[in-house]
Amino acid sequence: MATTEVIGPQPVRLRAVRRRWGEDVIKGLLALCALVSVATTVGIVIALVEPAIEFFRAIPFTDYATGTRWAPTFEPPSFGVLPLVVGTISVTLWACLVCMPFGLGAAIYLSEYARPRVRSLLKPILELLAGIPTVVYGYFALTFVTPLLRDAGLPVGVFNALAAGLVMGVMLIPTVASLSEDAMSAVPRELRDGAYALGSTKLQVSTRIVVPAAISGIVASYVLAVSRAIGETMIVAIAAGLQPNMTLNPLEAVETMTAFIAAVGQGDVPTGSTEYKTIFAVGLTLFVLTLVMNVISIRLVRKYREVYE
Amino acid sequence: MSAPAVATGLGEGPTRGRWRGHLFRGLLLLSLAVGFITLGTLLVDVVQRGFAYLDGVLLTSPPSSNPEIAGARPAILATIYLGVLLIAFTVPIGVGTAIYLEEYADKTRWYNRALELNIQNLAAVPSIVYGILGLAFLVRGLGLGRVLLAGALILTLLVLPTIIIAAREAIRAVPDSIRQGAYALGATQWQVISRQVLPAAVPGIATGSILSLSRALGETAPLLLIGALQYIAFDPTILGAFTALPVQIFIWTKLPNDEFKTLAAAAIIVLLGILLTLNALAIFLRNRYQKKW
């Protein structure tokens with residue numbers, strides 16, 4: 001068959017008769033908006049890496065990564081980052097001890113036990129916790145929790161890792177609860193019904209069916225909470241102190257990586273000095289640490305979405 | 001007459017199991033209570049402490065070394081200016097990105113997937129890292145200096161991912177049948193988006209934007225790095241030095257004098273008042289205008 005003669009009306013051509021340039025311009029502008037976030041990431045990487053490389057040219061990386069004394073302003077200066085890392089771990093540990101069990105408990109209650117009406121009332125109140133500015137939590141840790149701990153008989157300093165960590169943990173409860181609850185809600189009803197049909201109690205369904213089925217989402221929420229705890233600045237800058245202190249003793253003051261950056265960054269440190277560049281070295285360490293955890297968390301969330309949705 | 005030896009366990013499990021169930025339920029309620037009790041204690045404590053200093057002086061006077069006459073007027077004004085600039089910057093860029101990702105982007109292309117992952121990741125980058133970005137590029141690189149505009153720009157970048165994610169969800173919730181209907185009537189892609197999809201998504205976008213705004217206005221750490229930590233006695237301008245309300249709270253909290261801590265509590269009441277109003281507005285918009293398709 002070569003050419004067939006079309007009889008009657010010509011078929012309608014289903015593409016635009018002429019190219020609409022306006023449409024293309026709009027698409028281009030929108031793509032430009034999207035490029036802002038790409039530029040942000042590139043900007044962050046450049047802003048951190050370049051001065052950090054200069055820093056490591058002056059201070060060998062092994063001295064930085066394994067040194068146990070952090071004293072950039074002393075003479076002679078010492079740039080061992082471990083005290084800051086240990087301080088960060090100390091606070092993060094206490095935050096996790098609070099947000100992981102209580103966040104999971106809240107999630108199980110909201111997802112499995114609460115009636116829809118109760119749930120729609122409780123959830124926004126819980127999420128208010130995430131809406132309180134961190135500077136307010138810092139104030140609360142310093143002026144309320146630390147004196148409370150002292151009244152309870154603990155010999156805590158004015159600045160200590162414990163109060164900062166506990167308050168941070170409460171702040172992170174909604175983070176853990178809402179992500180975990182999402183994962184639990186995605187568990188199909190049939191799994192629960194099957195277990196009930198076999199005579200399970202609500203407790204058994206919650207702990208042996210729903211939690212294991214939602215485990216990747218729960219772990220994702222935990223990883224995200226750890227990442228947030230490591231990156232949190234104001235609570236520790238106010239309540240945990242600014243003394244590089246290589247200790248896991250929660251009663252003592254510590255300096256975290258974020259608190260150090262905030263303390264040095266707010267002063268008038270001359271551009272180009274090694275001290276100025278420490279901000280970027282520590283910032284890069286922080287960025288890489290949290291980046292790894294965020295990617296793990298995003299992957300895990302995708303995993304349960306793939307299975308159940 | 002002896003009862004038939006048939007025992008059905010339906011409806012009444014073993015007592016021990018029920019006991020455990022009650023205990024477990026109690027533990028779950030305790031988990032929720034930890035959050036609620038802390039929230040309540042925090043609010044009551046701050047209000048009790050700061051109420052005495054919550055007066056006209058706080059709202060209308062500049063800071064001072066004398067706590068009796070110290071106020072937060074420049075900081076409150078700066079926070080309001082920041083809010084206005086933030087809305088002006090973040091909403092167009094954020095909604096634009098969301099439209100691109102939801103309506104135009106081909107999800108099978110690697111660069112669109114990378115873009116998506118990038119935004120998800122940016123949402124979880126610590127806020128102080130944004131401060132470093134601002135310090136390196138805006139304040140020193142561009143030579144903008146420690147001005148309010150630099151603060152607004154850095155907070156814009158900080159909350160953009162949150163706004164984009166919220167706007168995408170709102171746009172995705174608009175059913176495809178609406179788009180198909182408009183196309184069938186001969187609308188171009190942009191006409192479909194601007195006259196059908198966006199109007200339907202406005203409540204969701206507005207809710208997300210207001211929540212992000214409230215988060216940004218409570219941020220302190222990035223502003224510290226771009227130099228908002230200073231004594232400002234005059235009303236701020238966009239291209240002038242500034243200190244925002246959370247930073248003012250930080251300054252007063254760090255001072256050894258207890259009266260300044262009281263003043264900080266009063267400033268916290270003002271800040272929480274602003275943020276809770278924004279939150280309430282967002283929840284109201286969501287409940288009032290959100291459509292169920």
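Trainee: What makes F55(A) count as buried?

Mentor: Set the value against the cut-off. F55(A) has 22 C-beta neighbours inside 10 Å, and a residue is buried if 20 or more other C-beta atoms lie within 10 Å of its own, so F55(A) counts as buried. Keep in mind that this is a predicted model.

Trainee: Where is F55(A) found, and what does F55(A) touch?

Mentor: You'll find F55(A) in helix α1 of chain A, residues 21–58. Not counting residues up to four places away in sequence, F55(A) touches T274(A), K277(A), T278(A), F280(A) and A281(A). Take K277(A): 222 residues separate F55(A) and K277(A) in sequence, yet their C-alpha atoms are 5.7 Å apart in space.

Trainee: How do you know that A75(B) is buried or exposed?

Mentor: Count again. There are 27 C-beta neighbours inside 10 Å of A75(B); the cut-off for buried is 20 or more, so A75(B) counts as buried. A75(B) sits in helix α3 (residues 73–104) of chain B. Leaving aside neighbours within four places in sequence, A75(B) is in contact with T243(B), A244(B), L245(B), V247(B) and Q248(B).

Trainee: What about α6(A), and why is it called largely enclosed?

Mentor: Of the 25 residues of α6(A), 22 are buried, so this helix is largely enclosed by the rest of the structure. Helix α6 of chain A covers residues 161–185 and reaches 35 Å from its first C-alpha to its last, close to the 36 Å expected. α6(A) has a kink of about 35° at L172(A), shortly before the proline P174(A).

Trainee: How do you describe two packed helices?

Mentor: By the angle between their axes and the distance between the axes. For α3 (residues 82–113) and α9 (residues 215–231) of chain A, the axes come within 9 Å and cross at roughly 145°. The crossing is right-handed. Among the residues making the contact are T88(A), C96(A) and L104(A) of α3(A), with I218(A), Y222(A) and I230(A) from α9(A). By class, that contact has 11 nonpolar, four polar and no charged residues.

Trainee: How many residues does each chain bring to the contact between chains A and B?

Mentor: Chain B brings 70 residues and chain A brings 69. On the chain B side, helix α1 (residues 15–50) gives the most, with 17 residues. By class, the side of chain B that touches chain A has 45 nonpolar, 20 polar and five charged residues.

Methods:
Residues numbered from 1 in each chain as written. Chains lettered and ligands numbered in written order. Predicted model: local features only at pLDDT ≥ 70, side-chain atom pairs only at ≥ 80, totals over all residues. Contact = placed C-beta atoms within 7 Å. Helix = DSSP H or I, 4+ residues; strand = E, 2+ residues; numbered from the N terminus. Nonpolar A, V, L, I, M, F, W, Y, C, P; charged D, E, K, R; others polar. Axes fitted to C-alpha atoms, helices over the stretch in contact; angles between N-to-C directions. Left-handed = near helix turned anticlockwise from the far one by under 90°. Expected span 1.5 Å × (residues − 1). Bend = angle between axes of the 7 residues up to and from the residue. Buried ≥ 20, exposed ≤ 12 C-beta atoms within 10 Å, placed from the backbone.
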